[in-house]
Amino acid sequence: QVQLVESGGGLVQPGGSLRLSCVASGSIFSINTMGWYRQAPGKQRELVASITSGGRTNYADSVKGRFTISRDNAKNTVYLQMNSLKPEDTAVYYCNADLVLRTSSGTFRYWGQGTLVTVSS
């Protein structure tokens, strides 16, 4: 059973910081791109940041300069360091990963269950 489990969400004041983590576990052969998406109430899910297995990163314009995505390949973990948080960053944050499994051919995209980030004073 493959699963992605996020942690690190919570309530933070504007200008504060949070660090999200997402661990992939199960019968995984390798992990390609990993990413973070978010969905605010009444809005569509949007890409926040992604990182390839080689470390190439991509960010939404709204978070550039404030958020940093990184990964630890040995731990099958992706992180999202969020600084200078704004109320408009409030959303459920989901991680995803493109996985090559030990038991199947091809690449499959898996999603975590989401973690809530609330930015409010």
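Asp89 is buried in this predicted model, with a relative accessibility of 1%. Burial here means under 20% relative accessible area, so Arg66, at 11%, also counts as buried. The two residues form a salt bridge with each other, and their closest N and O atoms lie 2.7 Å apart. This pair links distant parts of the chain, 23 residues apart. Asp89 sits in the loop between strand S8 (77-82) and strand S9 (91-101), while Arg66 belongs to the loop between strand S6 (57-59) and strand S7 (67-72).

A second pair involves strand S9 itself. The side chains of Asp98 and Arg109 meet in a salt bridge, with an N to O distance of 2.8 Å. Asp98 is in strand S9 and Arg109 is in strand S10 (residues 107-111), so this contact ties together parts that are 11 residues apart in sequence.

Another salt bridge connects the side chains of Asp61 and Lys64, at 3.1 Å from N to O. Exposed means over 50% relative accessible area, so Asp61, at 65%, falls in that class. Asp89, by contrast, is buried at 1%.

Across the whole structure, a search finds five salt bridges. Among them are the pairs Asp89 with Arg66, Asp98 with Arg109, and Asp61 with Lys64.

Note on methods. Residues are numbered from 1 along each chain as its sequence is written. This is a predicted model: local features need pLDDT of at least 70, side-chain atom pairs count only at pLDDT 80 or more; totals for chains, interfaces and linings use all residues. Side-chain values use heavy atoms; hydrogens and water are left out. A salt bridge is a side-chain nitrogen of Lys or Arg within 4 Å of a carboxyl oxygen of Asp or Glu. Buried means under 20% relative accessible area, exposed over 50%, partly exposed in between (1.4 Å probe, protein chains only). Helices (H or I, at least four residues) and strands (E, at least two) are DSSP runs, numbered from the N terminus.
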